[in-house]
Amino acid sequence: MSRMSRPSPVSQLSLDRRSFLRYAGITGAVLGGAGLLAACGDDSSGTSNGTIADGSKYGTVAVQLSWLKNIEFAGEYFADSKGYYKEAGFGSVNLIAGGAASTSVEAGLGTGKVWIGMSAPQTTAPAILEGLNAKIVGATYQKNPFCIVSAMGKPIRSPQDMKGRKIGVQDTNQLIFNALLTANGMTPSDVTIVPAQFDPTPLANGEVDGWVSYVANEPIILSSKGFPNYNFLFADYGLPLVAETLTVKQETIDNERDKLKAWLLADTKGWRDAVASPSESARLAVEVYGKDQRLDLSEQTMEAGAQNDLVVSADTKANGLFTMTDELIAKNIAALAKAKIDIAADKLFDMSILKELYAEHPELKTPV
């Protein structure tokens, strides 16, 4: 996320494009693009005779993040910086930044350049339907982070309030926006869809009434730049999709179950720390892992707090972070169907590893 140059009024915003490039519904060529990931290296750390060169139990693994190194991956920063990954048996964990120039997590899994990655159901499901043998084994965000943000003076409080109004929608988000309309008995003709890029300056300037946004990002930054706003979540109106999903190939579940469980153990510890300390989460993002992004500490701290509302739910308090109940899985499958993505639950989700993990470490279920 780039910094903004003018405090108020908002006249030119250069916001984080992560949600629009990542959670874009069906992504093209999800099984291709090996060349773009080649520079990242793979997760091989063994010698020619099959031993682990660094002396660790599991060696090095490549983890592809869904976007640039900002606050969204605070749990991974804690797990790395506090040594949880090493304690779990890993020599090192290579956190690979995503972004506009990177290929999808699904492409990385398909080419073998990535061992695990953060994605979203509406991206992983189409890849599976196209032939990728992979599963979602956990969900960091329990709620769909998409929202419609509007000016506080002319708030759009629900999908029905969008009728007859101008909504800025990015091309990559047309699918999920149309799914929101369908879920609420509406059609594209009920609103005036204004083709948009990633900078919500048109909203700040009054050229549109609403803007497809990411709840832990644009609303906070707009407010900090002197533009009071209101938002409603897609998740509260028929699209309860999870996000920042932990995705692996089926062969990892089948052949490296203990290794996967060890990674999830370390990552769970990291996210428990991140939830407990938004300020330290922001510091790690700004000063250490995302230092080259020129992130704003105050904004990242506010975003960390907002992010916690996506990570922690009544269900995770009862069952542990990353878990999904059968009911939530069913709601996700139904939401995908509204986006014309038809897939069976057992083809997309596998919560069995997390169930084993929490059975072995019930202390991690204790709410943070």
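This is a predicted model: local features need pLDDT of at least 70, side-chain atom pairs count only at pLDDT 80 or more; totals for chains, interfaces and linings use all residues.
Biologist: Can we step back for a moment? How many helices and strands does the protein have?

Modeller: There are 17 helices and 10 strands. Of the 368 residues, 56% are buried. As for the surface, the protein exposes about 14,100 Å², and carbon and sulfur atoms supply 50% of that.

Biologist: And what share of the contacts with a separation of 6 or more comes from residues 24 or more positions apart?

Modeller: That share is 82%.

Biologist: Now the aromatic rings. What describes a pair of them?

Modeller: Two things: the distance of the centres and the angle of the planes. In this protein the count comes to 6 aromatic pairs. Take Tyr77 and Tyr289: their ring centres are 4.5 Å apart and their planes are at 5°, so this pair is stacked.

Biologist: Which helices do Tyr77 and Tyr289 lie in?

Modeller: Tyr77 is in helix H3 (residues 74–81) and Tyr289 is in helix H12 (residues 278–289), so the pair ties together parts that are 212 residues apart in sequence.

Biologist: Are those two buried or exposed?

Modeller: The cut-off for buried is under 20% relative accessible area. Tyr77 has 0%, so Tyr77 is buried. Tyr289 has 16% relative accessibility and therefore counts as buried too. For another pair, look at Tyr85 and Trp263, which are stacked with 5.8 Å centre to centre and 20° between the planes. Tyr85 belongs to helix H4 (residues 84–87) and Trp263 to helix H11 (residues 257–276), so here the parts tied together are 178 residues apart in sequence. Tyr85 is buried at 2% relative accessible area, and Trp263 counts as buried at 0%.

Biologist: Which residues do ring pairs link into a cluster?

Modeller: Tyr58, Phe90 and Trp115.

Biologist: Back to H12. What do its buried residues pack against?

Modeller: They pack against H3, strand E2 (90–96), H11 and helix H13 (297–311). The buried residues in question are Ser281, Ala282, Leu284, Ala285, Val286 and Tyr289.

Biologist: How do I read a nonpolar core?

Modeller: Think of buried nonpolar residues joined through their side-chain atoms. The largest such core here has 92 residues, and Met162, Phe177 and Trp263 have the most contacts inside it. H11 gives the most to this core, with 9 residues.

Biologist: Trp263 again! What is Trp263 in contact with, leaving aside neighbours within four places in sequence?

Modeller: Quite a list: Val61, Val63, Glu76, Tyr85, Phe90, Val93, Trp115, Ile116, Met118 and Leu246. There is also a second, separate core of 8 residues, and Val149, Ala196, Val208 and Leu222 are among them.

Biologist: Which side chain does the side chain of Glu244 make a polar contact with?

Modeller: The side chain of Ser66, at 2.9 Å.

How values were computed:
Residues are numbered from 1 along each chain as its sequence is written. Side-chain values use heavy atoms; hydrogens and water are left out. Helices (H or I, at least four residues) and strands (E, at least two) are DSSP runs, numbered from the N terminus. Buried means under 20% relative accessible area, exposed over 50%, partly exposed in between (1.4 Å probe, protein chains only). Contact means heavy atoms within 4.5 Å. Accessible areas come from the Shrake-Rupley method with a 1.4 Å probe; for residues, only the protein chains shown count as cover. Rings of Phe, Tyr and Trp (its six-membered ring) pair if their centres lie within 6.5 Å; planes under 30 degrees apart count as stacked, over 60 as edge-to-face and the rest as tilted. A nonpolar core is a set of buried Ala, Val, Leu, Ile, Met, Phe, Trp, Tyr and Cys residues joined through side-chain atoms within 4.5 Å. A polar contact is a pair of N or O atoms within 3.5 Å; within protein, one must be able to donate a hydrogen and the other to accept it, and residues adjacent in sequence count only if both atoms are side-chain atoms.
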